[in-house]
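Biologist: Let us take this model by question and answer. Please put the sequence and the structure up before we start.

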Amino acid sequence: MIEFIQIMIMPFLACLVLTGIHAYLGLHVIERQVIFVDLALAQIAVLGASFAIIFGFEMDSIQGYAISLTFTIIGAGLFALTRFKKQKIPHEAIIGIVYVVSSALMLIVLSYSGEGTEHIRQSLVGNILLISPKELVKIFVIYSLVGVVHFMFRKQFYFISRNPTQAFEQGVNVRGWDFLFYATFGLVVTSSVKIAGVLLVFSFLVIPAVCAMFYSDSRKIRLLLGWMIGTVGSMLGMAGSYYFDFPTGASVVCVFGLILIFMACIKRIQTLYA
């Protein structure tokens, strides 16, 4: 048990930090019905990191992070500009196209690098086991700043997430608020993908929020449930990874999937016997 705690304490704390911000952002993403925006922005961040490698910068360098973040901010601007009052083309379709094109371009860029295959693998599953205290403090500070911004402007963010048509009719600068939302979202994703990979970040964003939405319509209760599910899923996933020698990120993702199935079944049974 002592050895388990020593090995897993830093990755678990990282998962708690990831849960804190992603469970909240996930509620917005689901209400906006842009489920794959996280994957798209994460893939854009990875594309930026790929260009950084080609330019001769390490992924962990300040230059590499800056290039990756710049690509993500450009993606945030694109998603904000393609939000219209009357959406003839579903926003999710645009997001999907951006994801596919970014993935293809990443493969082309990395074909010029000898580290291409390893970079692709790391972008998917990350390496959260190796997170250092310095990296943990860094993402905690970044996410805390993003949290402060979202707390200050929570009314505007929730309004355009839940009632975009009404926001347009009232003259609200929807695209401006969208850009701020996606830019801060992209800042979180750029930092998260670097340590946890695309798959785990997507799971932290969507699965706890979906589970919480099964059981409550209250924003606060959904958020609390999302944090609880994220914490429990992280603990069980870490334990499975340690005792069965599974890849840590993949183990946490699969546990989240099992939790979602379990909670959906419980909700179904409650509905049948209500």
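Biologist: What covers the buried residues of H3?
Modeller: The model is predicted: local features need pLDDT of at least 70, side-chain atom pairs count only at pLDDT 80 or more, and totals for chains, interfaces and linings use all residues. Residues are numbered from 1 along each chain as its sequence is written, and side-chain values use heavy atoms, leaving out hydrogens and water. Helices are DSSP runs of H or I, at least four residues, numbered from the N terminus. The cover, judged by contact (heavy atoms within 4.5 Å), includes helix H2 (37–54), helix H4 (91–110), H6 and H9.

Biologist: Which residues of H3 are buried?
Modeller: Buried means under 20% relative accessible area, exposed over 50%, and partly exposed in between (1.4 Å probe, protein chains only). By that cut-off, the buried residues of H3 are Gly64, Tyr65, Ile67, Ser68, Thr72, Gly75, Ala76, Gly77, Phe79 and Ala80.

Biologist: How far apart are the end C-alpha atoms of H3?
Modeller: The expected span of a helix is 1.5 Å times one less than its number of residues. H3 has 20 residues (62–81), so it should span 28 Å. The model agrees, with the end C-alpha atoms separated by 29 Å.

Biologist: Which residues does Val98 touch, leaving aside neighbours within four places in sequence?
Modeller: Val98 lies in helix H4 and is buried, at 12% relative accessible area. Its C-alpha atom is 9.3 Å from that of Leu78, 20 residues away along the chain. With the close neighbours set aside, Val98 is in contact with Ile44, Leu78 and Phe79.

Biologist: Is Gln43 buried or exposed?
Modeller: Gln43 sits in helix H2. Beyond four places in sequence, it touches Tyr99, Ser102, Ser103 and Met106. Its relative accessible area is 5%, so Gln43 is buried.

Biologist: Where is the kink in H9 centred?
Modeller: H9 has 42 residues, and a straight helix at 1.5 Å a residue would reach 62 Å, but its end C-alpha atoms are only 30 Å apart. The bend at a residue is the angle between axes fitted to the seven residues ending there and the seven starting there. In H9 the kink is about 115°, centred on Gly197.

Biologist: How many residues of H9 are buried?
Modeller: Take two examples. Ile195 is in H9 and is buried at 6% relative accessible area; Ser203 also lies in H9 and counts as buried at 5%. H9 is mostly covered, and of its 42 residues the buried count is 32.

Biologist: What is the C-alpha distance between Ile195 and Gly126?
Modeller: Ile195 touches Gly126, Asn127, Ile128, Ile131, Glu135 and Ile139, not counting residues up to four places away in sequence. Ile195 and Gly126 are 69 residues apart in sequence, but their C-alpha separation is 5.4 Å.

Biologist: Which helix gives the most residues to the lining of the largest pocket?
Modeller: On a 1 Å grid over the protein atoms alone, a pocket is an open set of points where a 1.4 Å probe fits, with protein on both sides within 12 Å along at least five of seven lines; lining residues have an atom within 4 Å of a point. The largest pocket has a volume of about 480 Å³, the space filled by probe spheres set on points joined across faces, edges and corners. Of its 18 lining residues, Tyr24, Gly147, Phe151, Leu223 and Trp227 are the closest to the centre. The most, 6 residues, comes from H6.

Biologist: What is the relative accessible area of Tyr158?
Modeller: Tyr158 is in helix H7. It touches Tyr24, His28, Glu31 and Arg219, leaving out residues up to four places away in sequence. Tyr158 counts as buried because its relative accessible area is 9%.

Biologist: What is the phi of Asp245?
Modeller: Asp245 lies in the loop between H10 and helix H11 (248–272) and is exposed, at 69% relative accessible area. Most residues other than glycine have a negative phi. For Asp245 the value is positive, near 60°.

Key: Helices (H or I, at least four residues) and strands (E, at least two) are DSSP runs, numbered from the N terminus.
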